[in-house]
Amino acid sequence: MFKNIEHLVRLAVVMMIGVLGFVILRAAVVPHSFGQYGHYRGAAIGEIASRPVAFAGHETCEACHTDVVEQKKLGKHVVVSCEACHGALAKHADDPSSVLPKKLDTAILCARCHEANGAKPKGFPQVATAEHSGGLACDTCHQPHHPKIETAEIKTEGKK
Amino acid sequence: MQIPVEGFMYPNEVELQWSILIVLYPFITGLVAGAFILASLERVFRVEAVKPTYRLALLTALAFLLVAPLPLQLHLGHPERSLEMYLTPHRSSAMAMFGFVYLWYLMAVLLLEIWLDYRHDIVVRSQTEKGWKRLVYRGLTLGSTNVSERSLHVDERLGYFITLIGIPSAFLLHGYVGFIFGSVKANPWWSSPLMPIVFIFSAMVSGIAAVMLLYMLSTRLRGQRIDMRCLDKIAQYLLYTFVIDFSLEMMDLLQRIYEADESFRSLDFMVHTRLWVSQVIVQILLGTVTPIALLGLMQVLKVTEAARRWIYALAGGLTVIGIFAMRWNVVIGGQLFSKSFLGYTTYKMAFATREGLLPAIILMILPFIILWVLVKLLPPWPESASVPSGATPVHGTS
């Protein structure tokens with residue numbers, strides 16, 4: 001009888017080797033802290049907490065750049081945090097003289113929010129940059145911290 | 001690249017996230033499930049007429065199953081991470097659970113059934129072939145060359161049992177794909193408990209049609225005569241399955257029309273505009289009504305064999321195109337409208353990008369290359385089968 005099912009026994013052995021290989025692989029590669037708190041690596045919490053802080057926070061920026069704070073108060077960008085445009089600048093806050101922020105290219109930066117798109121609410125200021133400025137940097141005409149041009153004849157807000 | 005948008009769409013809906021690769025995924029999985037169901041007709045339901053396609057159907061299912069996860073891998077990126085789904089599976093993740101369904105279907109159903117069915121041929125070839133082929137076949141024998149009548153009888157019984165398990169497994173495999181869409185309750189185009197059932201039946205339709213076409217093509221290429229009794233029977237089963245599939249889809253449609261919930265006007269507008277060609281013309285008229293009418297006519301009219309072959313080829317081809325269109329309309333159609341029900345976006349397919357038309361074409365060619373290799377290794381043709389089971393068995397073990 002065994003002779004007639006020998007091939008199946010051999011198959012079962014091959015399958016068991018496969019399952020055993022999987023179990024060994026799993027034990028070898030799944031981190032020990034996996035599942036400690038939930039469906040993730042428990043040690044990840046400590047690792048993330050130990051990473052250096054990259055953002056300084058707008059209160060830190062405002063402590064020195066009081067002139068910008070005053071400008072922002074006049075316009076709608078008052079609600080936009082400094083590092084939303086300037087990027088994470090904790091290093092600059094720690095050592096303002098030697099770590100200087102990069103000059104931003106407003107032709108790219110402003111379009112990130114203000115490029116015309118049918119999905120944006122109508123009241124949100126948006127322009128088709130190619131038609132509006134032809135690639136010219138936005139800060140040629142607009143002051144980014146207070147972007148509305150009060151005295152100019154040209155209406156820029158709400159244009160689609 | 002500005003995507004043309006009509007009306008009001010929510011920002012995250014403007015760009016389609018699920019591309020043509022996600023259209024291919026249910027299409028390919030459906031072919032697997034359908035081909036296997038056709039194979040089970042002979043094995044479990046004893047439909048002797050379709051026997052010439054039994055092995056071809058199994059190899060087709062395997063070739064397409066091996067390619068089935070590739071569109072997902074390509075869409076998601078980082079294929080090396082897919083192993084993590086098996087190592088640390090999450091029970092609430094349908095995708096992770098699908099990984100196990102896939103593995104079960106591949107390892108415990110298809111490979112096992114093919115191995116048991118071909119074991120006699122493998123043993124004979126391990127002793128008659130030369131060179132590297134001999135080594136391959138010897139490896140496939142797992143060191144046992146016992147093909148006595150009794151051992152082959154055991155294989156036959158076990159194969160029957162595996163096919164029996166294989167039928168619900170095939171249903172699970174493709175039912176899951178429908179479940180993935182049907183369970184997205186935020187999307188009224190997808191969210192329907194009928195979705196897994198419709199997907200299973202459409203899978204059976206596409207798989208049967210694909211194997212029928214492959215059988216006709218391969219028999220022609222080998223210069224053999226097509227077994228018309230077999231072809232007529234497959235066409236008959238294709239018709240039956242198609243009628244059930246079409247009825248289910250129409251019931252779903254009627255339900256939606258009568259219910260006419262808040263999404264109805266928006267979806268109705270979409271079907272009449274952006275999906276008009278792919279849904280109404282290609283899927284329903286060309287891909288469903290026409291093949292059903294052609295196959296139905298073959299049941300009542302007396303037509304010559306040559307004409308029947310052409311009509312079956314035409315009906316089969318239209319069926320496969322129609323089922324592909326159905327997958328397209330589900331996946332792409334479900335992303336063209338906004339949840340605001342006031343806006344519509346456009347799907348712009350790139351060509352030579354990671355999710356473009358070129359990789360989609362390559363992924364559709366790949367299963368045929370795999371099938372060609374499988375056919376060379378394990379010929380499914382009736383005339384190439386080794387001596388009938390138990391006739392001149394090679395006894396003993398090596």
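Predicted model: local features only at pLDDT ≥ 70, side-chain atom pairs only at ≥ 80, totals over all residues.

Colleague: Happy to start with helix H1 of chain B: how far apart are its end C-alpha atoms, and what span should its residues give?
Modeller: Helix H1(B) covers residues 20-43, which is 24 residues. At 1.5 Å a residue it should span 34 Å, and the distance between its end C-alpha atoms agrees with that, at 35 Å.

Colleague: How many residues of H1(B) are buried?
Modeller: A residue counts as buried when 20 or more other C-beta atoms lie within 10 Å of its own. By that cut-off H1(B) is mostly covered, and the count of buried residues is 24 of 24.

Colleague: Is H1(B) roughly parallel or roughly perpendicular to H14(B)?
Modeller: H14(B) runs over residues 357-377, and its axis lies 9 Å from that of H1(B), at an angle of about 15°. Angles under 35 degrees count as roughly parallel. The pair is therefore roughly parallel.

Colleague: Which residues make that contact between H1(B) and H14(B)?
Modeller: From H1(B) come B:Ile20, B:Leu21 and B:Leu24. By class, the contact has 7 nonpolar residues, with no polar and no charged ones. H1(B) passes H14(B) in a right-handed crossing. On the H14(B) side, the residues are B:Leu357, B:Ala360, B:Leu363 and B:Met364.

Colleague: Now H8(B): how many of its residues are buried?
Modeller: This helix holds residues 195-221, and its 38 Å from first to last C-alpha is close to the 39 Å expected. Its burial count means that H8(B) is largely enclosed by the rest of the structure, so the number you want is 19 of 27.

Colleague: How are H1(B) and H8(B) oriented to each other, roughly parallel or roughly perpendicular?
Modeller: Their axes are 6 Å apart and meet at an angle of about 70°. Angles of 65 to 115 degrees count as roughly perpendicular. The two helices are therefore roughly perpendicular.

Colleague: What classes of residue make up the contact of H1(B) with H8(B)?
Modeller: The H1(B) side includes B:Gly30, B:Leu31 and B:Gly34, while B:Ser202, B:Ala203 and B:Gly207 are among those from H8(B). Gly counts as polar in this grouping. The contact has 14 nonpolar, 5 polar and no charged residues.

Colleague: Which residues of H2(B) meet H8(B)?
Modeller: H2(B) spans residues 54-67 and is mostly covered, with 13 of its 14 residues buried. It packs on H8(B) at about 115°, with the axes 10 Å apart, and passes it in a right-handed crossing. On the H8(B) side are B:Ala210, B:Val211, B:Leu214, B:Tyr215 and B:Ser218. The H2(B) residues that meet them are B:Leu56, B:Ala57 and B:Thr60.

Colleague: Turning to the backbone, what is the phi of B:Ala260?
Modeller: Most residues other than glycine have a negative phi. B:Ala260 sits in the loop between helices H9 and H10 of chain B and is exposed, with 10 other C-beta atoms within 10 Å. Although B:Ala260 is not a glycine, its phi is positive, at about 40°.

Colleague: And B:Phe341: how exposed is that residue?
Modeller: B:Phe341 lies in the loop between helix H13 and strand S2 of chain B, and its phi is also positive, near 60°. It has 18 other C-beta atoms within 10 Å, which makes B:Phe341 partly exposed.

Conventions. Residues numbered from 1 in each chain as written. Chains lettered and ligands numbered in written order. Helix = DSSP H or I, 4+ residues; strand = E, 2+ residues; numbered from the N terminus. Expected span 1.5 Å × (residues − 1). Buried ≥ 20, exposed ≤ 12 C-beta atoms within 10 Å, placed from the backbone. Axes fitted to C-alpha atoms, helices over the stretch in contact; angles between N-to-C directions. Parallel < 35°, antiparallel > 145°, perpendicular 65-115°, else oblique. Left-handed = near helix turned anticlockwise from the far one by under 90°. Contact = placed C-beta atoms within 7 Å.
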